[in-house]
Amino acid sequence: MIDRIWHGWTARADADEYERLLREEILPGFADADNDGYRDARVLRREGDGDEVEFVTVLRFDSIESVKRFAGEEFREAHVPPAAREVLARWDDRARHYEVREEREY
């Protein structure tokens, strides 16, 4: 398994709208598309000390080949839809990919 991890930041006033976009449009679009090997997504949110809110998206794939089918040859580049760009203050230009070595549920 591979986790694709990416960070984006919004102004506090835009955080709820960005989260709505993720929940209602962006992530369902990933699930509905023909993305063989895409398994699931998690969204993490952290209120910062200042005016920014940080979001982390974690997309899970079967393999790095699945990631490449999803994101293309330049799979390390971030995919930031236009609607998200309107509410994000800044974002990572590249996603990071980690091999899941162990996972436990208690």
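Modeller: Start with I26: at a relative accessible area of 13%, I26 is buried. Keep in mind that this is a predicted model.

Colleague: Where is I26 found, and which residues is I26 in contact with, leaving aside neighbours within four places in sequence?

Modeller: I26 belongs to helix 1. Beyond those neighbours, I26 contacts L21, P81 and A84.

Colleague: How far apart in space are I26 and E103?

Modeller: The C-alpha atoms are 26 Å apart, and the two residues are 77 apart in sequence.

Colleague: How do I read burial along a helix? Which residues of helix 1 are buried?

Modeller: An α-helix has 3.6 residues a turn, so residues three or four places apart point the same way. In helix 1, the buried residues are A15, Y18, E19, L21, L22, I26, L27 and F30.

Colleague: What covers the buried residues of helix 1?

Modeller: The cover includes strand 1 (2-11), strand 2 (38-47), strand 3 (52-61) and strand 4 (88-91). It also includes helix 2 (64-71) and helix 3 (82-87).

Colleague: Where is the kink in helix 1 centred?

Modeller: On L22, with a kink of about 45°.

Colleague: Now the strands. How many bridges pair strand 2 and strand 3, and in which sense?

Modeller: In a regular strand the side chains alternate between the two faces of the sheet. Here, strand 2 and strand 3 pair over nine bridges, in the antiparallel sense.

Colleague: Is E54 buried or exposed?

Modeller: The cut-off for buried is under 20% relative accessible area. E54 has 15%, so E54 counts as buried. E54 sits in strand 3. Not counting residues up to four places away in sequence, E54 touches H7, G8, W9, L44, R45 and R46.

Colleague: Last feature. How many cavities of 30 Å³ or more does the structure hold?

Modeller: One. The largest cavity holds about 180 Å³ of space. Its lining has 15 residues, and W6, F30, T57, L59 and H79 are the closest to its centre.

Colleague: Which element supplies the largest share of that lining?

Modeller: Helix 1, with five residues. Strand 1, helix 1 and strand 3 each supply at least two residues of the lining. F30 ties the topics together: F30 is among the buried residues of helix 1, and F30 is one of the lining residues closest to the centre of the largest cavity.

How values were computed:
Residues numbered from 1 in each chain as written. Predicted model: local features only at pLDDT ≥ 70, side-chain atom pairs only at ≥ 80, totals over all residues. Heavy atoms only, no water. Bend = angle between axes of the 7 residues up to and from the residue. Helix = DSSP H or I, 4+ residues; strand = E, 2+ residues; numbered from the N terminus. Buried < 20%, exposed > 50% of the residue type's maximum accessible area, 1.4 Å probe, protein only. Contact = heavy atoms within 4.5 Å. Pairing = 2+ DSSP bridges. 1 Å grid on protein atoms, 1.4 Å probe; cavity = no way out; pocket = protein on both sides within 12 Å on 5 of 7 lines; lining within 4 Å. Points joined across faces, edges and corners; volume = space filled by probe spheres on them.
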